Each structure stands twice: as structure tokens, then as C-alpha cells.
Amino acid sequence: MSDFRQKALDYHQFPSPGKISVELTTPAANVDDLALAYSPGVAEPVKEIAADPNAAYKYTAKGNMVAVISNGTAILGLGNLGPLASKPVMEGKALLFKRFAGLDSIDIEVKHRTTEEFINTVANIADTFGGINLEDIKAPECFEIEKELIKRCKIPIFHDDQHGTAIVTAAGMLNALEIQGKRIEDVRIVCMGAGAAAVACMELLIKCGAQRERIYMLDRQGVIHTRRDNLTEHKALFANNTDKRTLEDVMDGADVFLGVSGPDLLPPETLSLMAQNPIVFACSNPDPEIKPELAHEVRDDLIMATGRSDYPNQVNNVLCFPFIFRGALDVRATAINDEMKVAAVNALRSVSKEPVPEEVLVASNIASLTFGREYIIPKPMDPRLCKRIATAVAQAAIDSNVAQIEQLPDDYLA
Ligand SMILES: NC(=O)C1=CN([C@@H]2O[C@H](COP(=O)(O)OP(=O)(O)OC[C@H]3O[C@@H](n4cnc5c(N)ncnc54)[C@H](OP(=O)(O)O)[C@@H]3O)[C@@H](O)[C@H]2O)C=CC1
Ligand SMILES: CC(=O)C(=O)O
Ligand SMILES: [Mg+2]
């Protein structure tokens, strides 16, 4: 067994199995405490909540609690390995919510037969939480699941692999294009993968100015084009009227490659076909579509990003979901809408261009970081992110009328 594999397993096994636990926030030392915490005292908040459901935000942990819910059908780039196998990833998301945004989070892995059964299960428990982060649910079911849950629940429902990924990708991409001296309106984009992450990333890039007809999306059968007759609703939106059929066909002269598919799908010789100053986001986890060292061997003019922590330019939804939920929950937003997503993109972009705090350099084990090819997006451990993104998102929620608290305190996240 490799050293790293053993280290990763040990990390998850010790000092106690898993990565999260539940902490108490009130005293429970003696009979007086118990009389308040449990019987008879607990009856008082029960009656308050029965009379007014909003009182749950005052008397329970609901308002600071996000459920991370999966069925394990698209665990990272590892595929459909089932709900229980997804638990380390979901506990990991809970760890990140707590570490980066102070949000309590619990993972829930759902076994189900039909999509409707999954939707019913989540809808029936939704009121327990301040928000729901759907994770690693494969396309096309993820689209219907999110849409139905948004309709049925009064709290923010957010499919992280769609929107968290899209927000971080858009921020990183706009920065990378700026550095490479290209306009988003002009570039030819190849998107490897046509699932949850791919569709949401391309839709958000289009909102940012990308031209739909300059996007070439690929699935396991190659380029998605108008003469294919087996396309799902969401793939059909990206059917290109083209004679190009293969990855090589569309990569010839392309400016941007986004990989949200699987490991090692971009051969170095295909990368060498791209236009000058290309941008390659190989975001499949844990193994990217092309390893950065291989990519740099064939191109010295590219900007390269992956989803991983151990290379420069980590384009990963961890840069979004803790903070977007922080902002949404703090104004008790009923939804996470496009205005809030755009606010997150802009906040993330602007932090990347400012001087990097010393503690980030220390945590990254690096001497300096300046906006440029090797630093297009902030590091997840950047302490500025929480306040900057959450404030922007919360304000956007207020301005777009989905907030139930209309003003942020002056010392918000100080
Ligand atoms: N860095 C980040 O922040 C994130 C990265 N990702 C990564 O993106 C990938 C996809 O995740 P997600 O969208 O949630 O999963 P989905 O299951 O929804 O989509 C996977 C897509 O990848 C395509 N695909 C898989 N293998 C191949 C292949 N050999 N050739 C061409 N296309 C292929 C599938 O094609 P078909 O439709 O034909 O089955 C499908 O369209 C994963 O690797 C994941 O780790 C996801 C979210 C965030
Ligand atoms: C990062 C992430 O959510 C994924 O790879 O699925
Ligand atoms: Mg995911």
C-alpha cells in the first residue's frame, strides 16, 4: 500500500472513526440543567414552535445547520458507488462547512428506488435544517431532484456539483481569460462531460458572456451535435450544429478546455492542438483529465487548474458552498438565486487580485502568491473568503427579495 493511501486511511480512522462529531452548546452537568434541557423545560420551546414555526430559528440549531445529502450516484469522478460509500465525501463536506464558515452540518446518505422516493425523503426532513446541500447526485436525475425540492421546500436547496462548481469555475475562468488576454465572448470552449457540473458550468459561463455556439460539449459518445437523436433535455441545450465528432476535432484551435468527466481523458498530444495561450481546467476528482506535469510538458503557454489541493489553481466547489450557505442562512434566504450566485463569482474574483495574507502563504507552504498564471483563484484557507463572499451573497439575497432578514449587522462576520 502506498504511503499516501495509508495516511489517508489513518486520517479517517484516527483518533476516532470519521471526521465529524456533535458538540453540546448548553450546560448539561446537573439536574437543574437537565430540567431545562429536557423534561420539563423542553416543553416551552416546543409550544413556541408549534405556535410559530419561525421560532425554530430562535430555539433550535436549525438556522446554523446544513444537511449534506447524497445518494452516491456520482461520487467525485469515481462514479456510482452507492450511498454508504459516499459517506466519507459527505462527512468531508460537513468538515468544510464547519472549518470555513462555522456552519454545523450533518451528512445524510439516502438509499432509494425511484427519483420520486428520493425527493419525498428529502422533502419530508427538510424543515429540520436551515439549508440543504445536495451532493454527488448524477445527471440527469439531479436536475429533476433539485427542481422539485426547490418547489417543495421553504429553505435554500443547492446542488453543489452544479452551482458551487459553476461559480468557482466562472470566477477562475474569467480571471484566467483576463491573464491570457482573451475575451469570453470570443473563445472556443470544449467541455468534457455533459452531466451535473458540465451543464451548470456552461450555463453560468454563457450568463457571463460565452457564446453557446462556440461551446463543444462531449459525453461518452463524443461531441454532442444536432444530428444525435439520443440526447437528454439538458444535453440537447448544447447540441452544436457541427461536423466535428471527436475530442481531437474540437480541441484543434480551442481556447478553453473544461474537464468535468473522469480521469486521464485528455491526451497530451490533443492538448498540443489547442490555440495559443490556452486554459485547461481539469477538474475531475481525485484524478484530473490530464495531470498538470504532463500538460506543462507539452505547453509552456497554458493556465492549468485542477480540483485538487496539491497543485496550484484549485478550482473546486469548496471555494463556494461554505460561504454561499453562510450568507444565505444569515439572512434566512428562502432560495439561492442567480443574483446570489453572480455575487459569489464577483467576490471570489476580487479577492484573487488582492495581496495574499501571510497565514495563507504559510498554510500553502509557499513563499509568495500573486495574481497570475499560477494563482487565478484564492486558496480555500484564505480567511477573507467567508466575510467577503457571505456578505456579497447576503446583500444580493436582500436586494433580490429572497431574504427574510432585511439588514446585516454592522459587525457582520467581523
Ligand atoms: N472540481 C470540482 O469542484 C468539481 C469536480 N467535479 C468532477 O466532475 C466530474 C463529473 O461530476 P458530475 O457532473 O457531478 O457527474 P455526472 O455523473 O452528472 O456527469 C458525468 C459526466 O461525465 C461524462 N463522462 C464520464 N466519463 C466519460 C468519458 N470517458 N468520456 C466522456 N465523458 C465522460 C458522462 O458522460 P455520459 O453522459 O455519456 O454518461 C457525464 O456526462 C467528476 O469527475 C467530479 O469529480 C464535479 C463537481 C465539482
Ligand atoms: C468537488 C466535488 O464536489 C466533486 O468532485 O464532486
Ligand atoms: Mg461533488
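Predicted model: local features only at pLDDT ≥ 70, side-chain atom pairs only at ≥ 80, totals over all residues.
Student: Which residues surround ligand 2, and how many of them are charged?

Tutor: The shell of ligand 2 consists of Leu-76, Lys-93, Glu-135, Asp-136, Asp-161, Asn-285, Asn-316 and Asn-317. By class, this shell has one nonpolar and three polar residues, and the charged residues number four.

Student: What share of the accessible area of ligand 2 does the protein cover?

Tutor: Polar side-chain atoms approach oxygen atoms of ligand 2 at 3.0 Å from Glu-135, at 3.1 Å from Asp-136 and at 3.0 Å from Asp-161. On its own, ligand 2 has 210 Å² of accessible area, of which the protein covers 87%.

Student: Which helices give two or more residues to the shell around ligand 1?

Tutor: The side chain of Lys-235 places an N or O atom 2.7 Å from an oxygen atom of ligand 1. Backbone polar atoms also take part: that of Val-315 lies 3.0 Å from a nitrogen atom of the ligand, and that of Asn-317 lies 2.9 Å from an oxygen atom. The protein covers 86% of the 930 Å² that ligand 1 has on its own. The elements giving two or more residues to this shell are helix 8 (160-180) and helix 9 (196-207).

Student: Are helix 15 and helix 17 roughly parallel or roughly antiparallel?

Tutor: The axes of helix 15 (residues 338-352) and helix 17 (residues 384-399) come within 8 Å and cross at roughly 150°. The crossing is right-handed. Angles over 145 degrees count as roughly antiparallel, and therefore the relation of helix 15 to helix 17 is roughly antiparallel.

How values were computed. Residues numbered from 1 in each chain as written. Chains lettered and ligands numbered in written order. Heavy atoms only, no water. Near = heavy atom within 4 Å. Polar contact = N/O pair within 3.5 Å; in protein donor to acceptor, adjacent residues only side chain to side chain. Areas by Shrake-Rupley, 256 points an atom, 1.4 Å probe, with all protein chains shown as cover. Nonpolar A, V, L, I, M, F, W, Y, C, P; charged D, E, K, R; others polar. Axes fitted to C-alpha atoms, helices over the stretch in contact; angles between N-to-C directions. Helix = DSSP H or I, 4+ residues; strand = E, 2+ residues; numbered from the N terminus. Parallel < 35°, antiparallel > 145°, perpendicular 65-115°, else oblique. Left-handed = near helix turned anticlockwise from the far one by under 90°.
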